Amino acid sequence: MKKIIIHESFKQDWINVLTHIANLFFEDCKLYEIIEDPDLSVRFQYKMENNVYYTASKLEVDGKTFISTYSKKYDTDGTEKEQNIRMKRALSHVLLDVLEQYTGIKQHWGILTGVRPTKLYHKLRKQGLTRNEIAEVLQTDFRVSTEKIQLLESIVERQLATIPDLDEIGKEISIYIGVPFCPTKCAYCTFPAYAIAPNRKTGRVASFLDGLHIEMREMGKWLKENDMKVTSIYWGGGTPTAIESDEMDALYETMFESFPNPESIREITVEAGRPDTITPEKIEVLKKWGIDRISVNPQSYTDETLKAIGRHHTVQETIDKFLLARNLGMNNINMDLIIGLPNEGVEEFQHSLNETEKLQPESLTVHTLSFKRASEMTQNKDKYKVADRPTVSRMMEMAQKWTRENGYNPYYLYRQKNILGNLENVGYSKPGEESIYNIVIMEEVQTILGIGCGAATKFVNPKTGKITQYHNPKEPYQYILSFENAIEKKIEMLNDLYRVQLKNEC
C-alpha cells in the first residue's frame, strides 16, 4: 500500500476525490495530512479569482520533483456546490498529471473515475453541444484520450439508433427480476447468488418463488392502475434458469398476466449464464412465452480457469448448450468473456476469441476483471494470480480488433472500482441486436423497478433526473420474511415520484 502525504488541510470530500485519482496508479493507496516515512509527498497550491480556478502540484519522491499547473475559466460564478466541484476537478488534473509523469502510466479515462462515462456524454449532448464540442470538453476538462472519446462517440451513436426516443423514455419503466440461485457461486461474484441445492433442502426455493409471484402481481397491479408502459424486462440473479422448467413456466405466466400490455414490451431477456442450467425443457418454456434473448456465458474457454473460479461446467458444455439453444430457435444469444481471469494471458484470451468466432453470438460483452470487495477472489488475492496492466490492456485491444473484424459494434459501456488496468466493460452486438435494457440501465434514463431477491429499484425522476434507490434483501430467507414490506415501500415511493411528475406537468 502506497502512503502519500499531502501538506494541505483539505475538505474530506476533496481528499476522497484525490484518493480515487491516486488509486488509479497504486493499489489501496491512502492519503495522509500527517505521516512519518511517506512513499510520496505532494504539495498543492490552489485559488479562485474572477471565476478562474488555478491549481498546481509538486510531487517529490526519490530525490526527484514533478510539477504540474492547471487553470480553467468559467462564464458564471456557479453555486457553492458547483464551485466545490470545479475545485475538486482542478486539483484532480494536477495530481493526475504529476502521477502520470512519475509512473509513466497514461490514464486514458483521465480524471473520470465514475461508472458511467457515456452518461456524461449524453448530458453534454442534451445541452446542445456538437460532437466536436463534446470531444473538446472531454479532452480539456476531463483529460480523456482521443481513443476513449471515439469509443464513447460510437456507443452513443448506436444507442440513439437502437432507442430513437432515448431522451423521452423516462415516461416508461423497465423491470428487473432477481432469482438468487446458481449451481455454485463464482469466485469473482458479488451478486445475490446462492447454491440452489441446499436451499431446496431448506424449502427456501419454493418459499422464495411464492413470494416472487406475489410481488410481481402486486407491482403489476400498480403499473396497470397507473397506465405505466413497460419498456423492457430483465431476468437476472443469480441464474434464473437454475430453477426447474415448470417453475420458470409458472413465473412467466404470472409475468404476462400481471404486467400491463405485454404485447408492447420491447424486449424480455433471461440470463441463462450458467450453461450447466440449460436444458431442452427450459428452452421450450422460453419459446412458449416468446422469449428468445438469453445469455450463455463462457467467461473463458479454458477448463482450468473455469475450475479456478468455481464454475462447475466445462468448455465443451458451454459450446454444446449454445448450439442446443440455437438449434431450438434461440435467435438472440449473448455471451460474456472476462479479461484478466486467474492465470490467463494473451494466449488464453486469443483462444477464447477464436472459439467465440465459431459460434457467432448476436452480442458479446467483454468484461475486465474487477476485485469487488465482497468476492471470494478479493478476500483471497494471494490465491488468484491475475494479469498485469500491460497484459490486460493488450487483451482489451485484441477484443476491440476482433469485434470490428467480426461485425460487432460497441453499444454500452460501464466501469467499476478496482477494475484491472483502469479499463472498462463493453457490450458489443451485431447491428440490430443491441439490448435495450442494458442501455437504459447504464444511462439511467428511466426508472428500473426491481422485483425479487437482491433487486435494486432505481427511481429516476423523468423531469429532473434525480435518482433514489430501494434495495430488496439479498438473502432468500430475509426476502421471504420481508417482501411484503418491500412491496409497500416501493409503491409508496412510486406514488411520490409520479405525483411529483404530475405536479411538474401541471
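Asp62 sits in the loop between S4 and strand S5 (64–73), where helices (H or I, at least four residues) and strands (E, at least two) are DSSP runs numbered from the N terminus. Phi of Asp62 is near 55°, a positive value in a residue other than glycine, and the residue is exposed, with a relative accessible area of 68%. Here buried means under 20% relative accessible area, exposed means over 50%, and partly exposed covers what lies in between, with a 1.4 Å probe and protein chains only. This is a predicted model, in which local features need pLDDT of at least 70 and side-chain atom pairs count only at pLDDT 80 or more, while totals for chains, interfaces and linings use all residues. Residues are numbered from 1 along each chain as its sequence is written, and side-chain values use heavy atoms, with hydrogens and water left out.

Asn50 belongs to the loop between strand S3 (40–49) and strand S4 (52–61); its phi is near 50°, again positive in a residue other than glycine, and at 68% relative accessibility Asn50 counts as exposed. A cis peptide bond, with omega about 15°, joins Gly237 and Gly238, and Gly238 is found in the loop between strand S9 (230–237) and helix H8 (245–258).

The 22 residues of helix H7 (residues 204–225) should span 32 Å at 1.5 Å a residue, and the end C-alpha atoms are 32 Å apart, which agrees; the expected span is 1.5 Å times one less than the number of residues. The buried residues of H7 include Phe208, Leu212, Glu215, Met219 and Trp222. An α-helix has 3.6 residues a turn, so residues three or four places apart point the same way.

Glu215 forms a salt bridge with Lys490, the closest N and O atoms being 2.4 Å apart, a salt bridge being a side-chain nitrogen of Lys or Arg within 4 Å of a carboxyl oxygen of Asp or Glu. This pair links distant parts of the chain, with Glu215 in helix H7 and Lys490 in helix H16, 275 residues apart. Glu215 is buried, with a relative accessible area of 0%, and Lys490 is likewise buried at 0%.

## A salt-bridge network around Glu444

By the same rule the count comes to 28 salt bridges, and Arg116, Lys119, Glu444 and Lys458 are linked in a network of them. Glu444 pairs with Lys119 through N and O atoms that are 2.4 Å apart at their closest. Glu444 lies in the loop between helix H15 (436–443) and strand S16 (447–452) and Lys119 in helix H3 (residues 117–126), so the pair ties together parts that are 325 residues apart in sequence. Glu444 is buried, with a relative accessible area of 13%, whereas Lys119, at 29%, counts as partly exposed.

Lys458 also forms a salt bridge with Glu444, with closest N and O atoms 2.9 Å apart; Lys458 is in strand S17 (residues 456–460), and the two residues are 14 residues apart. Both Lys458 and Glu444 are buried.

## A negative surface patch

Glu218, Glu484, Glu488 and Glu492 gather in a patch of negative charge on the surface. The largest share, 3 residues, comes from helix H16 (residues 476–505). Patches are made of residues with over 30% relative accessible area and no salt bridge, like charges being joined within 9 Å and nonpolar side chains (Val, Leu, Ile, Met, Phe, Trp, Tyr) within 5 Å. Glu492 lies in helix H16 and, at 42% relative accessibility, counts as partly exposed.

Conventions:
Accessible areas come from the Shrake-Rupley method with a 1.4 Å probe; for residues, only the protein chains shown count as cover. Lys and Arg count as positive and Asp and Glu as negative; His and the chain ends are not counted. The place of a charge is taken as NZ of Lys, CZ of Arg, CG of Asp or CD of Glu.
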